[in-house]
Amino acid sequence: MAKVSSKDLGNQPIGKLLIKQAVPASIGILVMSLNILIDTIFVGNWIGPNAIAAINVVLPVSFFIAALGMAIGIGGSSIISRALGANNREKALTTFGNQITLTLLFTISFVVPGLYFVDSIIPAFGGKGAIFDPAKIYYVIVLYGVPFLALCMMGNTVIRAEGKPKFAMYAMMIPSVGNLVLDYVFIKVLGYGMHGAAWATTGSYMLCLGFIIWYFLSNNSELKITECFYKLNIPIIKEIGGLGFVTLARQAIVSVTYLFMNNILFDLGGETSVTAYAIVGRMLMFALFPVYGITQGFLPIAGFNYGAEQYKRVRDSILTAIKYGVILAAIIFVFLMLFPDAITKLFTQDVEVLKETPPAMRWVFAATPIIGIQLIGAAYFQAIGKATPALLLTLLRQGLFFIPLIFILPNFYGELGVWMSFPISDVLATLVTVYFLHREVKLNLLPKEVE
């Protein structure tokens with residue numbers, strides 16, 4: 001494999017560079033999403049539909065804690081990209097060392113109370129009735145592995161900030177493939193049921209962390225840190241916190257959304273509606289993988305060139321990323337509108353779930369063609385270190401629009417109102433994002449590039 005330098009982010013053609021960054025990111029997200037998708041198919045067919053609902057209850061809790069690592073990773077990686085662009089190597093190294101320390105401190109401090117209050121947390125997130133017991137089994141085991149996952153999420157973003165998308169892709173692929181293999185062994189061969197599904201997930205996190213440790217100890221990484229860089233640096237922590245809070249707030253809103261959705265849907269339609277939402281949620285993670293890949297590939301390009309004051313390249317990267325994102329999202333939209341019934345049958349043969357899920361899926365993905373604009377707009381402000389607009393645009397869709405809608409619309413349209421909330425919030429959030437992004441480009445990305 002040819003050596004790739006972070007300097008490539010500042011001199012290669014934007015279109016070529018975005019493809020080089022986005023394709024590995026997309027493949028990594030695809031494999032990770034396929035892992036979640038196939039894992040759900042295995043659980044639904046080998047354990048039962050309530051097991052799908054149980055995992056859906058646990059995910060927002062475990063992913064919120066793990067998202068601490070992602071938040072620290074993305075916040076710090078924005079600093080690292082800009083520091084490398086400005087040739088400030090010491091700041092990049094100090095940031096990375098502080099990321100490791102913060103990730104360990106925060107995730108462990110959340111896991112301990114998370115385990116202690118397990119019997120209260122699971123019902124609060126919709127784990128009621130027949131869903132409670134399998135959810136508790138899965139929750140306890142997976143939470144043991146969450147610190148490993150948090151370190152993986154943090155490390156992956158740093159690898160991408162170095163301009164090494166292929167290694168970031170490998171870091172996502174290894175645990176995904178490992179989880180599927182362990183799923184087959186623990187659930188199908190050994191018959192461990194929910195225990196097997198949970199240990200397969202935790203084991204996959206350990207595999208991922210092993211690879212990331214190897215990467216940073218090898219000659220592939222430019223970031224070679226010593227003990228002095230682990231000591232917390234207050235200015236660095238504040239900058240990581242300001243930018244990382246955007247990601248953490250987004251995941252917090254996701255977790256709160258799951259809490260509300262699982263409870264609202266359980267009240268409206270019982271276990272069947274919760275299972276339908278779980279299936280649609282898996283498709284939200286899986287189907288949009290190319291758009292998420294474009295967004296991930298865009299981040300280091302925008303951050304590096306902004307740090308190097310190459311503003312024309314920043315503008316070009318925004319426009320190119322949006323163009324690619326809209327085209328890919330439109331293709332995904334057509335596929336999902338045509339085949340929701342066939343997709344649902346992959347997960348379960350339950351008659352009620354098969355009846356409810358396809359129309360819900362069509363509503364949820366109705367505004368898919370424009371979703372890339374909102375994702376890239378929010379990512380841009382995070383990449384350049386502007387935490388406030390990044391936070392606002394990140395919270396727009398779910399926090400400011402979606403959550404109020406799922407409480408209002410069901411009063412008029414019942415369960416249909418819940419599904420209608422998805423495209424309405426997508427459209428509203430995109431309109432606001434377009435306004436802020438256009439204003440930023442017009443006022444602050446002046447032609448002062450250093451070519």
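Q: Before anything else, what does buried mean here?
A: Buried means under 20% relative accessible area, while exposed means over 50% and partly exposed is in between. The model is a predicted one.

Q: OK, so is Cys152 buried or exposed?
A: Cys152 has a relative accessibility of 4%. The cut-off for buried is under 20%, so Cys152 counts as buried.

Q: And Cys208, buried or exposed?
A: Cys208 is buried, because its relative accessible area is 7%.

Q: How many disulfides are there?
A: The count of disulfides is 0.

Q: Switching to charges. How many salt bridges?
A: The structure has 4 salt bridges. One of them joins the side chains of Glu239 and Lys91, at 3.4 Å from N to O.

Q: Where do Glu239 and Lys91 sit in the chain?
A: Glu239 is in helix α8 (residues 234-287) and Lys91 is in helix α3 (residues 89-116). The two are 148 residues apart, and the pair links distant parts of the chain.

Q: What does Lys312 form a salt bridge with?
A: Its partner is Asp316, and the closest N and O atoms are 3.0 Å apart. Both residues lie in helix α10 (residues 311-338). They are 4 residues apart, about one turn of the helix.

Q: How accessible are Lys312 and Asp316?
A: Lys312 has 35% relative accessibility, so Lys312 counts as partly exposed. Asp316 is partly exposed too, with a relative accessible area of 28%.

Q: Which side chain does Asp426 meet in a salt bridge?
A: Asp426 meets Arg397, at 2.4 Å from N to O. Asp426 lies in helix α16 (residues 415-444) and Arg397 in helix α14 (residues 387-408), so this pair ties together parts that are 29 residues apart in sequence.

Q: Are Asp426 and Arg397 buried or exposed?
A: Asp426 and Arg397 are both buried.

Q: Which ring does Arg397 lie over?
A: Arg397 lies over the face of Phe402, at 5.6 Å from the ring centre. So Arg397 has two contacts to look at in the model: the salt bridge with Asp426, which links helices α16 and α14, and the position over Phe402.

Q: Rings, then. How many aromatic pairs does the structure hold?
A: There are 16 aromatic pairs. Among them is the pair of Tyr116 and Phe117, which is edge-to-face. Their centres are 4.9 Å apart, with 85 degrees between the planes.

Q: How exposed are Tyr116 and Phe117?
A: Tyr116 counts as exposed, at 68% relative accessibility. Phe117 counts as partly exposed, at 44%.

Q: Which residues form the aromatic cluster?
A: One aromatic cluster is formed by Phe96, Phe167, Tyr170, Phe211, Trp214, Tyr215 and Phe216.

Q: Last topic. Which residues form the nonpolar patch on the surface?
A: Val177, Val181, Tyr184, Val185, Val189, Leu190 and Tyr192 form that patch. Together they have about 630 Å² of accessible area.

Q: Where is Leu190 found?
A: Leu190 is in the loop between α6 (165-189) and α7 (193-217).

Q: Why does Leu190 count as partly exposed?
A: Leu190 has 41% relative accessibility.

Technical notes:
Residues numbered from 1 in each chain as written. Predicted model: local features only at pLDDT ≥ 70, side-chain atom pairs only at ≥ 80, totals over all residues. Heavy atoms only, no water. Disulfide = S-S within 2.5 Å. Buried < 20%, exposed > 50% of the residue type's maximum accessible area, 1.4 Å probe, protein only. Patch = residues over 30% accessible without salt bridge, like charges linked within 9 Å, V, L, I, M, F, W, Y side chains within 5 Å. Areas by Shrake-Rupley, 256 points an atom, 1.4 Å probe, with all protein chains shown as cover. Phe/Tyr/Trp six-rings, centres within 6.5 Å; stacked < 30°, edge-to-face > 60°. Lys NZ or Arg CZ within 6 Å of the ring centre and 35° of its normal.
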